[in-house]
Amino acid sequence: MSAEDMKRLFDERLGRYQAAIALKPTDRMPIAAGTNYFAEVYSGNTKQQTIYDPEKWLEAEMAFVRNFPELDALRDNRISGPLFDAVGCKTYRLPGRDLSPTTQFQFVEKEYMQADEYDALIENPLKFMMEVFLPRVLGDLAEPGSIRANIALLKGGMAFMQFGQVMQNRSIRLQQECGMPQSMAGAFLAPFDAVADVMRGLNGTMLDMFRQPEKLIVACEALVEEMVNFGLAMADPFKRYPIFVPTHKAMFLSPDQFETFYWPSFKKTMEMLIESGYRIRAYLEGDWGPYWHHMLELPRGTVICDIDNQGDIFKALDDIGHHQCLAGGVPDSLFILGSPGEVRERVRVLCKAAGADKGLLINGGCAIPYDTRPENYRAMIDAILEFGTHDSSLRLSPEVKDPAEGGHRALPAKMVTDWPSKREELGEILGDEQLIQRNWERLEVLAYAWLWQWLM
Amino acid sequence: MSELAHALRDLQEQKVYALVDDMIGNGVSPLTIVEECNQGMVEVGELFAQNKYFISQLIYSSEILKAVMAKLNPLLENMEKSESAGKVVIGTVKGDIHDIGKNIVVTLLRGAGFEVTDLGVDVPWERFVKALRESGAKVLGLSALLNFTYPEMQTVVERVRSADLQDQVSVIIGGAPCNEQVRQYCGADYYAKDAVDGVAICKRIYG
């Protein structure tokens, strides 16, 4: 296929995916899982190879795209083993390191922030991260200022850049050699999850809701800008892809608690990202039935919601499918244990329920499982082509923004030492100041994002 | 329902502690205090079943209970145990290290008077069989969060069935990736859709 054909294919896929998210007419339902674990292991790689060997990982993805060319977007691994190792990150167990090479990575929850440390977090989130949180969560930084800790910071920065290059290279090669867009780029957390995942942990946060509710609320508010900043720092500069937000702890809350503790700061974070020209792909973990009506409060077609296995996709379609595009509908167990006939029937029913006026991308409960039977995945695609084709004559072109134009940002990029401060230190500048400033700020922005990635 | 059971049901943490301290001071038998707390926990489970409480309230109530038991445990030593509702062995299957759901089930089971052997996470089939043999429990609970555990759950069920425990043990599966299709695949006897459902199934088995 010529480069021109590849570009045409890329535009067609991206246009279809973007239109579906925006609830605009499409020629057919896109095939675009938020996360496709199946693609990682389809060609026989171990789960360890995916996170430790970028070449093997990319080879696996390309083989997958060749065999399933109907795919419209692909995104799978998001974890770099070397980056975690460089600083001794304690929040995940990794395949091949702490788990069998064929087992998936797993999150390990612990209270890295104590119940009486909210004031410190609220007063200065950056200082709290740097001085309190990171030395606890990154083993190699346990003794700040030591040679080992300083070297770990250095290695961590280098590994971060290295992983960034891996992701960029992967994105470019998938685009140029396979015509394949990404399902999403960049990520952030709901502020409540930022506290409840790796800071206070589930138990700690649940107790805080009863014992010190005000502090928890204020902490969530204090993290809004940090989450917006992190999301924007790692997002696609061309604004082609949605930014990912995996939600984790909402499912444990009563509707009242959700409205009090979870939603206000989450909504504000999403509004600021939307205002900055991005769409969002939200994984609604667990049963969001009691809460998903809140997505009606955000502009139409701005947040694609992945409905988990426990959620009722048909109810979600009824409740919010006219306002936001949904993804999901095929239970993980059906991909793993079911038959192609059962998958086909499920897709048929889902397409009928969505009709022409509700947004739906058929997917697993957030991800396509590792142990998916290939014939079931094929059956899903065939059935989507059969039942999810609306108007084959429709040609869609993608929206791509020029990063040079900048565009509106709801928030200036955060830095530890901004340019005016540095400028003052430098005194007279003899050449092109902008050239120096641009590079200074680029590294500052990345370093700032580096600090916050450890909440993810 | 006693005042203590009421206070625990209503999640009045400080009131629960004050009442327990008073009761201990007044020489009330620790077994009576445990019994009243268990009544409160049963009510909490009931409110959960009615969708009036959510997981956060279950976790909070179990934390309060934990603090009460820390006060009572020294007093309960050397005392005869109250009558058991039955024995249950439970754990998260091999490969999976998640335990939020399992821990909630354990708290509710203990609150309902069951003797629970909690094997923790990443439990291989051999440990399940050994614990069943040693405890004589008639119920085995298998917990999982990740969907790669289906074959492992199937293995545990097969091994339990082929051990010398034939027809004695009922296996319940639960957790996010479980459903009726998974139950059939694993050969388990029951699928519990949530923690309260799991306790109800244990009660039926021992009923």
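Let me start with a definition: a residue is buried if 20 or more other C-beta atoms lie within 10 Å of its own, exposed if 12 or fewer, and partly exposed in between, with the C-beta atoms placed from the backbone. Take A:Cys366. It has 22 other C-beta atoms within 10 Å, so A:Cys366 is buried.

Now, what are we looking at? This is a predicted model, in which local features need pLDDT of at least 70, side-chain atom pairs count only at pLDDT 80 or more, and totals for chains, interfaces and linings use all residues. Residues are numbered from 1 along each chain as its sequence is written, and chains are lettered from A and ligands numbered from 1 in the order in which they are written.

Stay with A:Cys366 for a moment. It sits in the loop between strand 8 (360–363) and strand 9 (367–368) of chain A. Helices here are DSSP runs of H or I with at least four residues, strands are runs of E with at least two, and both are numbered from the N terminus. The phi of A:Cys366 is near 90°, a positive value in a residue other than glycine. Why point that out? Because most residues other than glycine have a negative phi.

A:Leu23 is another case. Its phi is positive too, at about 60°, although A:Leu23 is not a glycine. You will find A:Leu23 in the loop between helix 1 and strand 1 (35–36) of chain A. Buried or exposed? A:Leu23 has 19 C-beta neighbours inside 10 Å, so it counts as partly exposed.

Next, chain A as a whole. It has 18 helices and nine strands. Its C-alpha trace spans about 65 × 55 × 45 Å along the principal axes. What about the radius of gyration? That is taken over C-alpha atoms, and the globule rule is 2.2 Å times the number of residues to the power 0.38. For 456 residues, a compact globule would come out near 23 Å; chain A has 22 Å, which agrees. Of those 456 residues, 46% count as buried.

Contacts next. Two residues are in contact if their C-beta atoms, placed from the backbone, lie within 7 Å. Take the contacts in chain A between residues at least 6 apart in sequence: 75% of them join residues at least 24 apart.

A:Met6 gives us an example of distance along the chain. A:Met6 lies in helix 1 (residues 3–21) of chain A. A:Met6 and A:Cys178 are 172 residues apart in sequence, but 6.7 Å apart in space, C-alpha to C-alpha. Leaving out residues up to four places away in sequence, A:Met6 touches A:Met1, A:Gln176 and A:Gly179. With 16 C-beta neighbours inside 10 Å, A:Met6 counts as partly exposed.

Next slide: a helix pair in chain A. The axes of helix 4 (residues 54–67) and helix 8 (residues 147–178) of chain A come within 11 Å and cross at roughly 25°. That makes helix 4 roughly parallel to helix 8 in chain A. The residues that meet include A:Leu58 and A:Val65 in helix 4 of chain A, and A:Val166 and A:Leu174 in helix 8 of chain A. The residues of this contact between helix 4 and helix 8 of chain A divide into seven nonpolar, no polar and four charged.

A word on those terms. Axes are lines fitted to C-alpha atoms, for helices over the stretch in contact, and angles run from 0 to 180 degrees between N-to-C directions. Angles under 35 degrees count as roughly parallel, over 145 as roughly antiparallel, 65 to 115 as roughly perpendicular, and the rest as oblique. As for classes, Ala, Val, Leu, Ile, Met, Phe, Trp, Tyr, Cys and Pro count as nonpolar, Asp, Glu, Lys and Arg as charged, and the others, Gly among them, as polar.

On to chain B. There are nine helices and five strands in it. With 207 residues, a compact globule would have a radius of gyration near 17 Å; chain B has 18 Å, which agrees. Buried residues make up 47% of chain B.

Chain B has a helix pair as well. Helix 5 (residues 100–111) and helix 9 (residues 195–206) of chain B have axes that come within 9 Å and cross at roughly 45°. Helix 5 and helix 9 of chain B are therefore oblique to each other.

Last, where the chains meet. The contact takes 25 residues from chain A and 20 residues from chain B. On the chain A side, helix 10 of chain A gives the most, with six residues.
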